[in-house]
Amino acid sequence: MVSCCKRATTTSGLRWRTTAPSSLITCSGGTAGTDTRGDGLVVISGSGETPVALHLARLAVGFGADLLAVTTRADSTLARLASAVIEVPTAGTGQFGGSLFEQSALLLLDAVVLDLTGSQSDAYALMHARHANLQ
């Protein structure tokens, strides 16, 4: 089960939207480069308190990007910074550490990317050009 909540409306031209039938939150719009206004950043942190993830999230938000948080905790620091949150509940797992969250987030986001890019022949090139411009 994945619960999604829209937390804010963006003013940058970027639109977080829900896609049927899965009700997953996605983002579109923006431009490539180091100016992140109009861009969206997806940050994945089970606890929502991971220092590196929070640092990059604050950096991106400070530059004007919209933030999508994927976390197990909708009440976390990361979730409070985000424009939108996908909560992936993993309580009660017998797996070590955050393994169930990491596996669930991987499958969930891979499905979202495949759904969004399935009809685009140049999807890989477009994603590669926009990948990790905060590092």
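1. Read along the sequence, this chain runs β-β-β-β-α-β-α-β-α-α. That comes to four helices and six strands; helices (H or I, at least four residues) and strands (E, at least two) are DSSP runs, numbered from the N terminus. Please keep in mind that this is a predicted model, in which local features need pLDDT of at least 70 and side-chain atom pairs count only at pLDDT 80 or more, while totals for chains, interfaces and linings use all residues. Residues are numbered from 1 along each chain as its sequence is written, and side-chain values use heavy atoms, with hydrogens and water left out.

2. A word on the chain as a whole. It has 135 residues, of which 32% count as buried; buried means under 20% relative accessible area, exposed over 50%, and partly exposed in between (1.4 Å probe, protein chains only). Among the contacts with a separation of 6 or more, 57% are between residues 24 or more positions apart, where contact means heavy atoms within 4.5 Å.

3. Which residues make up the largest nonpolar core? There are 10 of them: Val43, Ala53, Leu54, Ala57, Leu67, Ala69, Leu78, Ala79, Ala82 and Val85. The elements giving two or more residues to this core are α1 (51-62), β5 (66-71) and α2 (77-81), and α1 gives the most, with three residues. A second, separate core has nine residues, including Ala84, Val88, Phe101 and Leu109. A nonpolar core here is a set of buried Ala, Val, Leu, Ile, Met, Phe, Trp, Tyr and Cys residues joined through side-chain atoms within 4.5 Å. As background, nonpolar side chains tend to be buried together in soluble globular proteins.

4. With 12 residues, α1 reaches 16 Å from its first C-alpha to its last, close to the 16 Å expected at 1.5 Å a residue; the expected span is 1.5 Å times one less than the number of residues. Ala53, Leu54, Ala57 and Ala60 are its buried residues. They cover an arc of only 130° around the axis, which puts them on the same side of α1; the arc is that of the directions from the helix axis to the C-beta atoms. What covers these buried residues includes β4, β5 and α2. The face of α1 turned away from the buried side carries the exposed residues Pro51, Val52 and Gly62. Just after α1, Gly64 takes a positive phi of about 100°.

5. α3 covers residues 99-117, and its 19 residues reach 27 Å from first C-alpha to last, close to the 27 Å expected at 1.5 Å a residue. Phe101, Ala105, Leu108, Leu109, Val112 and Thr117 are buried in α3. Seen down the axis, these buried residues fall within an arc of 145°, so they line one face of the helix. On the other side of α3, Leu106, Leu107, Leu114 and Asp115 are exposed.

6. Val70, in strand β5, is worth a click. Val70 is buried, with a relative accessible area of 0%. Leaving aside neighbours within four places in sequence, Val70 is in contact with Val42, Val43, Ile44, Ser45, Ile86, Val88, Phe101, Ala105 and Leu109. The C-alpha atoms of Val70 and Ala105 are separated by 7.3 Å, although the two residues are 35 apart along the chain.

7. How many salt bridges does the structure hold? There are two, a salt bridge being a side-chain nitrogen of Lys or Arg within 4 Å of a carboxyl oxygen of Asp or Glu. One joins Arg73 and Glu49 (3.8 Å, N to O). This pair links distant parts of the chain, 24 residues apart: Arg73 lies in the loop between β5 and α2, and Glu49 in the loop between β4 (40-44) and α1. Arg73 also meets Asp75 in a salt bridge (3.2 Å, N to O). Through shared partners, Glu49, Arg73 and Asp75 form one network. Arg73 is partly exposed at 31% relative accessibility, and Glu49 is partly exposed at 32%.

8. Finally, is Ser76 buried or exposed? Ser76, found in the loop between β5 and α2, is buried, with a relative accessible area of 0%. Its side chain reaches the backbone nitrogen of Ala79 at 3.2 Å. Neighbours within four places in sequence aside, Ser76 is in contact with Ser47, Gly48, Glu49 and Thr71.

Note on methods: Polar contact = N/O pair within 3.5 Å; in protein donor to acceptor, adjacent residues only side chain to side chain.
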